[in-house]
Amino acid sequence: MSEIPKAYEPQSVEDKWYQYWLGHDCFKADPARVSERRPAYAIVIPPPNVTGVLTLGHVLNNTIQDILARKARMDGKEVLWLPGTDHAGIATQTVVERTLKKQGVIKHRDDLGRDAFLERVWEWKEKHGGIIIQQLKKIGASCDWSRERFTMDPEYTRCVQHVFVDLYRKGLIYRGKRMVNWCPASLTALSDEEVVMKEQKGFLYHFKVEVVEEPGRFLTIATTRPETIPADTAVAVHPRDPRYASLIGKHVRRPLPLENQAPIPIVADDHIDPEFGTGVLKVTPAHDKADFEIGHRHRLPLIDAIHPNGIMNEHAGRDLAGLERFAARKKAAELLESIGALDKAEPYTNHVGYSERADVPVEPRLSEQWFLRYPGVEASRHCVAPPHDAEHPGPAHPAPAPHGHPGTIRFFPDRWAKVYDHWMGHLQDWCISRQLWWGHRIPVWYRRAEGAPSDAAPLETRCQIESPGPGWVQDPDVLDTWFSSWLWPFATMGWVGETEKDQHNATLRAFYPTVDLVTGPDIIFFWVARMIMAGIEYRGAVPFRNVYFTGIIRDKQGRKMSKSLGNSPDPLDLVARFGADALRFGVMRSAPLGQDVVYDEANVELGRNFCNKLWNACRFRQMQGGEVQAEIRPDLLTNDDRWILLRLDQAMQEIDRGYEEYRFNEISQTLYRFFWNEYCDWYVEASKAGLNSDQPALKANKVAVLDFVLSHTLRLFHPFLPFITEELWHGLGYAQDMPAPQGGVTLMQAPWPRPLSTEEREEWGLETSVDAVAAAKFELVTLGRNLRAQFNLPANKRLRFILKPAGEMPTHEVDVLRLLLCAESVEVVPGSWTAPQGTPSVANRLGDLFLPLAGIIDPAAERTRLGKDLEKIEAEILKVREKLDNPSFAQKVPAKVLAEHQQRLADWQTKKDQVLSALGNLAA
């Protein structure tokens with residue numbers, strides 16, 4: 001046992017123990033150790049972008065994973081927490097391109113060429129790619145770093161290629177022209193997840209088109225994009241709109257381009273909302289997703305008027321060609337006005353999709369891309385358990401699936417199961433190609449006629465991993481990053497797609513399927529659902545049993561944390577200021593299941609204060625000396641001892657339920673309540689009576705109880721506070737008597753504390769009456785402390801109390817009362833004793849407690865002071881009541897403001913009652 005220093009210094013403790021854990025291979029998983037007695041527990045990290053740095057979102061997500069992994073180790077399981085990073089195709093390429101442009105190396109990536117550019121990306125990855133991994137280590141992530149994976153590693157790349165080839169040969173992957181999200185800056189298709197909606201202020205342009213067959217009759221159309229008018233190939237109305245029924249099948253004259261005001265048909269389509277605008281819609285099939293569907297239904301021609309880089313092309317006409325799309329918008333409005341076709345342009349606010357990485361508005365674009373028809377849809381859809389009602393929540397950890405069944409997955413919170421089911425029932429084919437250089441290149445090869453241009457139709461196409469030979473050219477596109485991520489749970493474990501090899505893969509056999517996944521609900525479709533489909537398709541089993549969806553971290557104003565808003569603190573700065581354990585505990589305490597997290601630095605400060613409290617409580621135990629973890633003697637247990645053991649048992653039961661239901665913030669609140677409020681505030685103070693007694697056996701038993709509670713508490717805290725608990729576990733000498741694999745080397749291997757057995761509860765006399773007696777004692781102490789406060793007497797002023805007990809009061813219990821009241825003495829008087837008139841008193845089931853004030857205060861001066869306090873309080877009550885009684889206030893303010901005022905009134909009323917009570921106690 002080493003002496004615990006006076007002050008807790010997180011940085012030195014955290015660095016020391018993390019290196020210790022690494023040096024002792026505490027995080028390494030060994031499939032050979034998996035058995036019926038030592039079951040496997042696996043969890044794969046949602047791979048952060050290789051370009052990324054740690055955010056509070058990462059802290060929340062990875063702290064939860066670390067809690068689950070550390071808890072599983074203490075449950076005696078063989079734990080694999082598998083880490084890694086994602087190559088993040090568009091994000092990484094954008095960062096490197098931006099850096100090279102800033103350095104003056106390139107104006108466009110074509111200046112370097114594909115191979116040279118990729119060399120630069122790999123150089124950048126080697127230099128900067130490990131930053132977030134090192135940052136995760138700073139917050140205590142206990143991943144098996146020897147198994148760290150990267151989605152562009154050769155082995156992983158081969159898995160991705162194998163899956164593409166397999167799905168292609170099954171007829172599930174095909175090439176076709178579809179409408180996609182297109183980034184004019186990055187020149188690539190984007191997934192919906194890579195598009196963020198932003199509010200944009202612009203104009204709604206109302207313009208007229210003439211009906212060709214009825215000269216002089218005009219229809220008015222409203223659009224936010226007049227620059228696309230040259231690409232219109234129809235106008236559409238609702239088939240049952242009486243205003244336009246007679247016009248269906250006729251034509252209008254398209255006003256732009258001026259040199260080609262072509263007639264285009266009026267079509268009827270149920271998609272049109274007759275109540276929106278004028279009920280007439282311009283149809284631009286090549287530049288709008290909904291219009292593309294209308295065009296497909298009516299077999300309309302497609303006119304692409306915008307180059308991939310956002311510059312208008314020749315189809316836009318001579319006045320617009322060559323203009324950037326937004327300049328063309330302004331010019332198009334001017335052209336409409338010049339020919340008298342523009343009715344009006346009114347300010348208009350709408351939401352526009354932006355490329356998440358390039359931060360430019362995306363273009364709906366018709367583009368030839370690779371698509372995937374999802375495999376195993378029905379099996380994947382039905383493997384997620386439906387929501388359960390509160391009375392029958394179902395098991396948190398479903399039993400292993402019978403042979404041939406892929407297994408069942410539970411969502412936490414389970415409301416996301418409905419969202420998942422809805423999405424799975426409305427699947428659209430997945431656009432899996434990206435026009436980038438950084439990523440997994442599509443394993444498709446083309447052979448064209450000698451001298452033919454690169455866009456000429458190939459003579460032959462092959463889908464295979466290796467080049468077929470000379471004269472073959474590989475497809476230039478790369479795969480969507482999610483196409484590699486959806487294989488993450490098994491590709492990271494060495495899966496190669498060859499049955500015999502995979503059957504002999506010890507890691508796969510032991511750890512797949514994994515147990516838990518922790519992720520955000522924003523990627524339930526892009527990642528979670530796709531992993532489920534891939535897992536069933538290639539492993540015949542779901543990839544995980546439980547999915548925990550975190551909330552979004554927001555500031556106190558409800559805004560999402562972001563660098564642009566300047567409301568997102570650097571987690572490493574918080575670690576440096578408060579310690580990693582403080583950050584972990586503060587974040588978890590404010591993270592309810594399924595709800596967004598309101599970040600407040602005060603919670604991290606609370607975490608630091610809590611760590612200091614834990615540190616000081618353990619120092620207090622060490623200062624008592626004596627044998628470490630001695631046997632508890634039931635015959636020497638006091639009522640306070642029994643009470644804290646009972647409370648510990650209750651806390652352990654609550655915590656176990658919290659883990660079963662994934663309610664981590666409730667676990668942290670239970671830990672806080674038990675340790676700070678019950679153990680430190682009450683039991684430790686009460687225990688000083690026995691620790692300071694002249695009875696060695698009583699003191700030794702009291703120390704044994706302290707050890708029992710602390711050794712259990714440190715284990716309960718360890719998943720949340722790994723660093724400080726490891727330090728104190730060794731500092732208090734608890735590791736010395738433990739076998740090496742069960743806490744002798746590290747606390748993370750110590751057995752998880754279980755609720756007390758019936759035999760233990762009976763042996764120690766832990767009956768419910770113990771709780772009632774303690775509650776009455778603590779209530780009397782609180783009343784006595786309030787009595788002191790009523791008369792402005794400092795908490796540290798040693799006062800004399802008089803107790804007239806309602807029954808027998810052992811000397812030891814009187815001594816405990818004296819300590820808890822911070823009293824000079826507590827004099828016990830018989831029931832026949834009568835207090836001098838005016839002596840303040842309080843009472844409960846234990847008896848009457850008196851506070852003699854003679855010689856301590858001036859009654860007259862005290863009455864004057866209390867009278868002034870009463871006047872101020874009544875004025876405040878009147879002020880609040882006037883507001884609440886005013887209908888214009890009570891009925892119009894937000895519910896939160898109304899509740900605050902109602903609480904304020906209740907608080908002032910309580911203060912008034914306290915002052916009146918004090919005045920009553922002073923009555924002559």
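Pro 257 sits in the loop that runs between β10 (251–253) and β11 (263–268). The model described here is predicted. A cis peptide bond, with omega about 0°, links Leu 256 to Pro 257. Another cis bond leads from Phe 412 to Pro 413, with omega near 0°. Pro 413 belongs to the loop between β15 (410–412) and α10 (416–424).

Backbone angles also stand out at Arg 299 and Asn 792. Arg 299 is not a glycine, yet its phi is positive, near 55°. Asn 792, also not a glycine, has a positive phi of about 60°.

| Residue | Loop between | Relative accessible area |
|---|---|---|
| Arg 299 | α7 and α8 | 78% |
| Asn 792 | α24 (768–790) and β26 (799–805) | 54% |

Exposed means over 50% relative accessible area. Arg 299 has 78%, so it counts as exposed. Asn 792 has 54% and therefore counts as exposed too.

The second largest pocket holds about 1300 Å³ of space. Its lining has 43 residues, and those closest to the centre of the pocket are Thr 223, Thr 224, Arg 225, Asp 288 and Asn 350. Two or more lining residues come from each of β7 (195–211), β8 (218–223), β12 (281–283), α7 (289–298), α8 (325–338), β13 (342–355) and β14 (363–372). The element that gives the most is β7, with 9 residues. By type, the lining of this pocket has 17 nonpolar, 16 polar and 10 charged residues.

Definitions and conventions
Residues are numbered from 1 along each chain as its sequence is written. This is a predicted model: local features need pLDDT of at least 70, side-chain atom pairs count only at pLDDT 80 or more; totals for chains, interfaces and linings use all residues. Side-chain values use heavy atoms; hydrogens and water are left out. On a 1 Å grid over the protein atoms alone, a cavity is a set of points where a 1.4 Å probe fits but cannot get out, and a pocket is an open set with protein on both sides within 12 Å along at least five of seven lines; lining residues have an atom within 4 Å of a point. Grid points are joined across faces, edges and corners, and a volume is the space filled by probe spheres set on the points. Helices (H or I, at least four residues) and strands (E, at least two) are DSSP runs, numbered from the N terminus. Ala, Val, Leu, Ile, Met, Phe, Trp, Tyr, Cys and Pro count as nonpolar, Asp, Glu, Lys and Arg as charged, and the others, Gly among them, as polar. Buried means under 20% relative accessible area, exposed over 50%, partly exposed in between (1.4 Å probe, protein chains only).
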